Amino acid sequence: MAAVDFKNSETRKNLMKAFAGESQARNRYTIAAGKAKGLKLQVIEQVFRFTADQEKEHAEIFYQHLKELTGENLEITGTYPIEVYDDALSLLKAARHDEYEEYENVYPSFAETAEKEGFPAAAASFRMIAQIEKVHGDRFARFAELLEKGQLFEARLETSFMCLNCGYIYTGTKVPELCPVCSHDKGYFIQVEMAPFL
């Protein structure tokens, strides 16, 4: 198929849909982070904030592909989820679902269209970001499973946990209610193997 003029392409619309979707995901995750914080699940709050920051970067990547349309308005139609839950488990499961949907369906379809229309750079961005969305989905799935099984702050075997506030490492089967170093509540603890920047 011959290359399509970008201004008349489906790819430009898909890039704007992806930009909108990533922007909304960032906001949904920021809202979810606030909900988790209110539930004293600061580790879940940080998972959502960490992922929200990555979604912002994805949005920026897709937006940059639209640079040649600067100054124009682009109307799109899209379907985006409404996920106003009051519990962290439902928020995690919804986020997991959304990330896997982008990984399995949305971005592969957008990549195929971009490839057919002659936009390999956009196709590559869709494909690479799809792989990152799988990582996000896996992350949300893991924390949802730990929360659902009551293993977020407990383990059957002696395990090391880190306080995300001060860095204290606690080893045991159940984290203390308060960190003995900084007195932050147990919601700040994460299993050391899942702690960032080790």
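## The pocket and its helices

Helices H1 and H3 (88-117) each supply at least two residues of the lining of the largest pocket. Helices here are DSSP runs of H or I with at least four residues, numbered from the N terminus. H3 gives the largest share of that lining, seven residues. This is a predicted model: local features need pLDDT of at least 70, side-chain atom pairs count only at pLDDT 80 or more, and totals for chains, interfaces and linings use all residues. Residues are numbered from 1 along each chain, and side-chain values use heavy atoms, without hydrogens and water.

## Inside the pocket

A pocket is an open set of points on a 1 Å grid where a 1.4 Å probe fits, with protein on both sides within 12 Å along at least five of seven lines. The largest pocket holds about 330 Å³ of space, a volume filled by probe spheres set on the points.

Its lining has 17 residues, each with an atom within 4 Å of a point. Gly21, Thr79, Tyr80, Glu102 and Val106 lie nearest the centre. By class, the lining has six nonpolar, five polar and six charged residues. Asp, Glu, Lys and Arg count as charged; Ala, Val, Leu, Ile, Met, Phe, Trp, Tyr, Cys and Pro as nonpolar; the others, Gly among them, as polar.

## H1 against H4

The axes of H1 (residues 10-38) and H4 (residues 120-148) come within 12 Å and cross at roughly 25°. Axes are lines fitted to C-alpha atoms over the stretch in contact, and angles run from 0 to 180 degrees between N-to-C directions. So H1 is roughly parallel to H4, a term for angles under 35 degrees.

Thr11, Asn14 and Tyr29 are among the H1 residues that meet H4, where Phe126 and Phe140 are among the partners. Contact means heavy atoms within 4.5 Å.

Definitions and conventions
Parallel < 35°, antiparallel > 145°, perpendicular 65-115°, else oblique.
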